[in-house]
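Colleague: I would like to learn how to read a model like this one, from a single residue up to whole chains. Could we go through it step by step?

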Amino acid sequence: MADVDIVIEICGSAGDGTISSGEILSRFMSSQGFEIMSFDSYPSEIRGFGKCVAHSRISNKKVLSPGKYTDILIALNNAHAISQLHTLRETGIVIFDNKPPNYLEEDQSIAGWIEPGMISYGIPLLNLSQKASGSARGRNMVALGALAAIFGIDGEQMKSAIHARYAKKNKVVIDSNINSFAEGFTWAQQHVTKVDSYTFGHSKPKPSKEKKAIINGNQAVAQAAIDSGLHLYAGYPITPATKIMEIVSRELPKKGGVMVQTEDEISAIGHVIGAGYAGKRAMTATSGPGFCLMSELANLAVMAEVPAVLVNSQRGGPSTGLPTRNEQSDLNIALFGGSGDSPRIVLAPTSVNECYTCTTLAFYLAEKYQTLVIILLDFFLSNSIRNITTPVPPKANQLNSNVAPTKTALKDYKRYKLTKNGISPRAIPGTPGGMCISTGLEHSEHGHPRYDRNTHPAMTEKRFNKIQGALSEAPKPRWVGPKKNVDIGVIAWGSTAGSAHEAVLNARKEGINVAFMSTVILSPFPVKEIKKFSEACSRILVPELNYTGQFANVLSPHLSRSIERLNMVTGLPISAEDILEKIRDMAR
Amino acid sequence: MDILKNSYLDEELEAVKKQGFLDYRTSQLPTWCPGCGYFGITHAIVQTCNDLQLKKEEVCVVSGIGCAGRYPIFMDVYGFHTVHGRSLPIAAGIKLSREELTVFAVAGDGDALGIGGGHLPHTIRRNVDITLFLFDNSIYGLTKGQTSPTTPLNQATNSHLKGNPDTPLKPVSLALAYGASFVARCYAGDVDGMKDVFRQAITHKGFSFIHIVTPCVTFDKTNITWGRLNGTVEPIEPVHDQTSFESALRLAEIPRLITGIFYQDKKRPSYMEIIRETQS
Amino acid sequence: MPKKDHYVIIGNGPAGNSAADAFRANDKDARVTIISDEAFSFFYRHKLPQFVAGNIGEDDLKVRPYSVYKEQNIRLRLGQCVDRIDPEEKILYLRHMEKVGYTKLVIATGGSPRILPSLTSFEKHLRFMTGYNNAIKLMPEIQKAKTITILGGDLISFELVKALRTMKKKIFFIFYSKCFWPVELTGNMSAKICANMKKKNIEAYADDTVETLTEKGNLYTLKTASGRTFKSDLVCCFLGLVPNIGYIIGSGIDTERGVLVNEFMQTNYKDIYACGDCAQIYDPKLKDYWISIGWSNAGLQGKIAAMNLLGSSKVVKPLPKSIRDVVGIKIQTSWWDHF
Ligand SMILES: Cc1cc2nc3c(=O)[nH]c(=O)nc-3n(C[C@H](O)[C@H](O)[C@H](O)COP(=O)(O)OP(=O)(O)OC[C@H]3O[C@@H](n4cnc5c(N)ncnc54)[C@H](O)[C@@H]3O)c2cc1C
Ligand code: SF4
């Protein structure tokens, strides 16, 4: 079977049906058994003007990163598509509307910007849409039809997929979409002379039997939270985390839970801490600016030892920053943000799959270790859509991880009892005999405020030691490649890990002696494994999406060696190509 | 110690113990200044709990920071002493998770109206079934005498030696304007009046707002003092219609120490009732 | 600030490219744009037969890499067809519905395949090979075909026959001495060709007209006036080129068989010049128009056209001895002579 690995971008204006056609394409290709990774970007501004891009990498191999270059660009809007042309591969293809109602002024047509070596297929999108549906709204479907015809996608099957997508709508909507698709398909079959070699047709992989879920990181987090027994979600709208709230708000009340859209992020984490204190599982999700507001209460969860799950989907910062762009620059605040010595558990999934598993783990850990667990996503991970094997919901024993006090312990109940592993059995309100005071002041084992010279050191140590247990319950760092005598070791975290992994695999194909490691648990830090990896490598490279190399800075004291860095703050996900280029540079 | 044994005091204590309310107290001695109005309020709260026969393990008291913030330490219930200004969201989070619990939020004027002022209208409009005890002494006590959101205009404080330039908020009017379903005012010197209001507030299904005027004997020697307030209390006339928002507002705007229940809407569903009805 | 000059060249062949180079060499600031309806880069047209036969690769076709244009700041608009010229407004109308303005224009659109009137009714069954696009389409068909009929002729048809022989195909070659291109075959040339071809196992026939051409199940049956029947998998037609001017007719620019230009390559509009295979050039000495054919002629003319547009007054000189008369058109056949 020939390899298929094609990146398609649909680019239009808000209202062109860009995102929905991208979704149809991704879902359909997934149903055909392809691996997909999609990523939509849309303006943070109001509807009507902004540029929307539905990016989708479709492959019959494992997809680790979104792909830096586009192979096929579908232009639903000239101006936006022109501004997107820089991502098109040198030999890429553009599908565009070659029959707009009027002549465009010089340089306003995407067709005029096609670089030599690129290929453009003009399709009368508007005309065909009008013919099929009586309006311009079917242009996206006409384009999909043409795409299918030119690149060997089964038109009939895709038609049924479109039908399924709009099944809940009325017949007019269904028909106009289907007819538009069919018009585009037939027209392209009859009029387009194919001069490129991209195709899906000859290598259709067998549809896999296992059930696939097509979800993005936000959906995975929301689903995992609900599967983990979420009772209360509190949040304030903020890009790119808002979607989590929207999903939870639909699903949670059905299960007897509560979604509170709070007045601000402070209130959101307050509600979460309240619920956690009351013995229920609760979560909030936010992004950098909201995370800053939460930091005081986040520290209360640490000090008063109350479970709290906090998702921070990072975007460009500081301040309002770049709300719809990608960055990994909240690592510092996640690890260290807040006053005092404030140990917390930090998990950073590297894939949509791990968005699910990290979230279920987060609830388990938060409850067991009675502390703040931060899940670090980023704009890309939140919005990147993968078809993943339907995740396995947590088992019953993971759904209740609170360590409750024994009857004898309740006789003289010490809420903050100093124990070997640091976990003090927790009585939940309603438990007779467990009445006590929980407080953000430094406190004795009974919870009474104490400022003496012995209590604070003992309690501080307890809080730090306590979370160490989480290390053995989190996934071990992933090590790809040889175990010794490695020239270059790449260590990555978060959404950058996928690209780094792909880059390492490709570099190995080129004969470069390189290995890869990633870790989802960032606090407590898996020093042992990373040290071992480091010792096996002559040089260490850390690629990440922030200016100062926040992760590299965390690593370097542990490894006590110099670390080479690839820091990017373009607002885009780091690509496998960028990292590969750096690896090649180092290997030269 | 032996001298005290079997003394008159012991007998008194036994008698008081029999009344039951002491069960709601911890062994911790309050750290408030002698003469502080908070003693009276505490007394009224534990007595009300006793009167209502609330199970101790089903009572949660959430406080913020300030002299009032220490309050949960002295009550033998589930106490949560949190951070400055955030008692309301946390109390709401508790109630929305465990409806069987009776949840109190305790906050000073700086806590509830200053740093945490943003949470008040929203907790009110959600009508979460909790009771807010607003200990209003019109001063920042714990930090030693700075201006608070209810410090009268021109009163000299440690942060405004030449007098407070900021117009004070009117807590009862504010709560009414925000649409609270239960609004009352009490005076810390009137234990019976407080008990009466507290009982109704706690049993009210929805958000109860209790404004408690209480002197800070240490940092306010001129304005809200026992001396000036004792005897000025005006209980609300029985003719007042507690279901009338307009009358309540009119009453609230009178700048005297009027106490009692200004407004109560018994029909309005609480947040959990609304959620259950509309969201699932 | 006055708007920058925009020199536009229609056509990405030797004529167009040398015009663009000349513009850039003499004016560093102006915008220089080449527009061509072929998406493929500037390539050696005469290597197409070897390419189609699979003897050379795509890269061997290319004259120069894209980077040259980038370095020279010449904008290449490839795969973009000019539908109409408005010489009054100085606007080109492109097929994909974009207007492009110019200050000076060079028309270098070469030729398109010539079809004899007698063949027009069978046009849909015929295969041509004038550019990259039809070559790439033809390639797999040629690979598959066992038997190929070639209607000749021109020099290209000879080239293709040569190439196909290396692929061991069965070939029928029917050619027309009267309309051979660019010059008529005279005397015993036809007989000689037939004999030479026979020696190389190619069935060649001179001057037999096609009566019918039918297709059934991808098999083409061709019947001739003399009663011969040829069955083959493909029928290719090579009868030379005619100037590519269809899109100009009606624009106000004078045309006849080609774009009419004077000895300075200028059309009836002062800012529009034409050169290469598409031009029909006046020669004051001949007192007649002639059409130029061939790679190097085109290149030379492109340069002259550009220079003249920039103010020189260079004259194209046909070499009278290589000017021949083909079906009423005078043609400069330096290519033919060098062949
Ligand atoms: C198969 C073959 C073999 C040949 N062999 C030889 C040989 O051996 N020796 C030799 O000297 N000559 C040979 N020739 C002829 C030679 O290639 C031409 O004479 C020469 O290419 C003419 O150059 P030109 O620049 O005038 O036009 P061309 O090279 O034909 O270029 C014309 C350009 O104009 C473009 N164009 C046309 N119409 C439009 C439009 N409306 N809008 C936009 N663009 C347009 C075309 O896409 C093309 O890029 C051969 C030709 C062919 C086809
Ligand atoms: S400072 Fe004032 S409010 Fe605080 S305890 Fe003392 S008297 Fe009471």
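**From one residue to the chains**

Modeller: We start with Leu505(A), which lies in helix 17 of chain A, a helix covering residues 496–509. Keep in mind that this is a predicted model.

Colleague: Is Leu505(A) buried, partly exposed or exposed?

Modeller: The general idea is that buried means under 20% relative accessible area and exposed means over 50%. Leu505(A) has a relative accessible area of 34%, so the residue counts as partly exposed.

Colleague: Which residues does Leu505(A) touch, leaving aside those up to four places away in sequence?

Modeller: Contact here means heavy atoms within 4.5 Å. On that basis Leu505(A) touches Leu64(A) and Val480(A).

Colleague: What domains does the assignment give for chain A?

Modeller: Domain 1 spans 5–191, domain 2 spans 214–398 and domain 3 spans 478–587. To read a pair of domains, take the distance between centres together with the contacts. For domain 1 and domain 2 of chain A, the C-alpha centres are 34 Å apart, and 15 residues of domain 1 are in contact with 9 residues of domain 2.

Colleague: How is chain C divided into domains?

Modeller: In chain C, domain 1 is assigned two segments, 6–112 and 242–324, while domain 2 is assigned 115–239. Their C-alpha centres lie 30 Å apart. Across this pair, 16 residues of domain 1 of chain C are in contact with 18 residues of domain 2 of chain C.

Colleague: What does chain C hold in secondary structure, and what share of its residues is buried?

Modeller: Chain C has 9 helices and 22 strands, and 56% of its 339 residues count as buried. Among its contacts with a separation of 6 or more, 60% join residues 24 or more positions apart.

Colleague: Which chains share the most contacts?

Modeller: Of the 2 pairs of chains in contact, chains A and B share the most. No contact joins chain B and chain C, and their closest C-alpha atoms lie 52 Å apart.

How values were computed:
Residues are numbered from 1 along each chain as its sequence is written. Chains are lettered from A and ligands numbered from 1 in the order in which they are written. This is a predicted model: local features need pLDDT of at least 70, side-chain atom pairs count only at pLDDT 80 or more; totals for chains, interfaces and linings use all residues. Side-chain values use heavy atoms; hydrogens and water are left out. Helices (H or I, at least four residues) and strands (E, at least two) are DSSP runs, numbered from the N terminus. Buried means under 20% relative accessible area, exposed over 50%, partly exposed in between (1.4 Å probe, protein chains only). Domain bounds come from an automatic or database domain assignment.
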